[in-house]
Amino acid sequence: MKPIGKHSLLGASGEISDFQEILRYLNELILYDNMWDDGNSLGPKEVHNYLTRVMYNRRNKFNPLWNSLVLGGVKNGNKYLGTVSMIGVTFEDNHVATRFGNHLARPILRQEWHENLSFEDGVKLLEKCMRVLLYRDRSAVNKLQIAKITEEGVTIHQPYSLKTYWEISTFENPAQGAIGSW
Amino acid sequence: MFRNQYDTDVTTWSPAGRLFQVEYAMEAVKQGSAAIGLRSKTHVVLGCVNKANSELSSHQKKIFKVDDHIGVAIAGLTADGRVLSRYMRNECINYNFTYESPLPVGRLVVQLADKAQVCTQRSWKRPYGVGLLVAGLDESGAHLYYNCPSGNYFEYQAFAIGSRSQAAKTYLERRFENFADSSRDDLVKDALMAIRETLQGETLKSSICTVAVVGVGEPFHILDQETVQQMINAFEIVGEQEAPAAEPDAAAGQEAAAEQGGSTDEGVAPMDI
């Protein structure tokens, strides 16, 4: 996850090297935006649309950037959250996710999200989703990072891990039923 | 200005440090028929005097919509103005496509100015012979800019360009301090009064002027003749003190398409207005 300009935060999953490439593009974009030095700045909506154009055009050339991107931000009191996939599918919503999160986390969010979540409640909700993902997504690791964007700016917290419970009887002696197997 | 040996090329400096071709281009702007612009905190109004080649022809289009939030009024070589409007429209559309968001006026104006500057530094080009009053809205409020053939641009509270614009400027100078908090209708009224100043005695009718407005919640659009005529009637009946002795508005209902162009200018450059 990286802050972009003054108003946005970008998170990505997938190919990290492609994400780094995207960060280079965005760096240049924000640099030129700042060079105008005129009181106007690119907000999350503009950055999201720029990314959509980039991802879609790469997909059209059969050379995609292998990432799913999540972009959030606040500008002039307007909150924005959007996502772009590696083939350029794009939309905005109150909650978005990448990869397995779309299947495991979003149903939880659809049930439990509401307009007036406080920051702490939001974090708890996200931790609930991440725990489910940790248990069920084979590519998950027990480490997560929370980032917060408000009008004042971006704060990215330190990574931490979730408490999990693995003392299920089937896990105690996994090779019991098939000795010599994995 | 008199002819001299340094004015053949745009790329030749005079010993006094002047580029005469650029200054001559600015003269072309002064020959065009008047265009004025004024702004408040939330609205910008553009107005221009319609000029027709003859009684038989239609008048030149001098106000162009560039985007929902930007419009431009031109004075000088209308053809150059049309080309620059097309450039501006293109830039706005491209920006909107990439960023889903309106192009800030300030940036468009700088791009225009840089384009004009290029023509002052190439031996195979000539400067654009048109002055542009760019009116637009962005995050920081309402803006009015003037783009000069020299590549300079300035931001204004109110401005007038073209022939007999000095009269309008004098009127605007007297009143500009009140513009920032003016209502939209007062602003349009002031624009019409300023246009009237440039007509010097000719009756102000909706057929000889064009007015356009852009504001918060109001996309750029040109007011139709009827609305303009109603506003003219409204303030002429009230009888403002500052107005010079204008003839009573006899042709109140007559806003037909027929050109009642009245007196034409002497000494109008043949390359149009």
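User: Which element gives the largest share of the lining of the largest cavity?
Analyst: That is H3(B), which supplies three residues of the lining. Helices (H or I, at least four residues) and strands (E, at least two) are DSSP runs, numbered from the N terminus. This is a predicted model, so local features need pLDDT of at least 70 and side-chain atom pairs count only at pLDDT 80 or more, while totals for chains, interfaces and linings use all residues. Residues are numbered from 1 along each chain as its sequence is written, chains are lettered from A and ligands numbered from 1 in the order in which they are written, and side-chain values use heavy atoms, with hydrogens and water left out.

User: Which residues line the largest cavity?
Analyst: The lining consists of Leu84(B), Leu112(B), Ala113(B), Ala116(B), Tyr128(B), Val130(B), Leu132(B), Asn147(B), Cys148(B) and Pro149(B). H3(B) and strand E5 (130-138) of chain B each give at least two residues to the lining. A cavity here is a set of points on a 1 Å grid over the protein atoms alone where a 1.4 Å probe fits but cannot get out, and lining residues have an atom within 4 Å of a point.

User: What volume does the largest cavity have?
Analyst: About 60 Å³, where volume is the space filled by probe spheres set on the grid points, joined across faces, edges and corners. The count of cavities of 30 Å³ or more is one.

User: Good. Over to chain A: how does the span of helix H1 compare with what it should be?
Analyst: H1(A) has 21 residues (16-36), which at 1.5 Å a residue should span 30 Å, and its end C-alpha atoms are 31 Å apart, which agrees. The expected span is 1.5 Å times one less than the number of residues.

User: Which residues of H1(A) are buried?
Analyst: Asp18(A), Phe19(A), Ile22(A), Leu23(A), Leu26(A), Leu29(A), Ile30(A) and Asp33(A) are buried. They cover an arc of only 140° around the axis, which puts them on the same side of H1(A). Buried means under 20% relative accessible area, exposed over 50% and partly exposed in between (1.4 Å probe, protein chains only). The arc is that of the directions from the helix axis to the C-beta atoms.

User: And what is on the other side of H1(A)?
Analyst: Arg24(A), Asn27(A) and Met35(A) are exposed there.

User: What covers the buried residues of H1(A)?
Analyst: Both chains take part: the cover includes strand E1 (2-4), strand E2 (8-14), helix H2 (44-60) and strand E3 (67-75) of chain A, along with helix H2 (78-99) and helix H3 (105-118) of chain B. Contact means heavy atoms within 4.5 Å.

User: How do those strands of chain A pair up?
Analyst: E1(A) and E2(A) run antiparallel and are joined by three bridges, with Ile4(A) partnered by Ser8(A). E2(A) also pairs with E3(A), antiparallel over seven bridges, and Ser13(A) stands opposite Ser68(A) there. Two strands count as paired if DSSP finds at least two bridges between them. E2(A) is mostly covered, with five of its seven residues buried.

User: Which residues have a positive phi?
Analyst: Among them is Gly5(A), near 65°, in the hairpin of E1(A) and E2(A). In chain B, Arg164(B) is near 60°.

User: Where is Arg164(B)?
Analyst: Arg164(B) is in the loop between E8 and H4 of chain B, and is partly exposed at 34%.

User: Which residues of H4(B) are buried?
Analyst: In H4(B) (165-175), they are Ser165(B), Ala168(B), Tyr171(B), Leu172(B) and Arg175(B). Their arc is only 120° around the axis, which puts them on the same side of H4(B). Their cover includes strand E1 (35-39), strand E8 (158-161) and helix H5 (184-199) of chain B.

User: Last one: what does chain B look like overall?
Analyst: Chain B has six helices and ten strands, and 52% of its 273 residues are buried.

Terms used:
1 Å grid on protein atoms, 1.4 Å probe; cavity = no way out; pocket = protein on both sides within 12 Å on 5 of 7 lines; lining within 4 Å.
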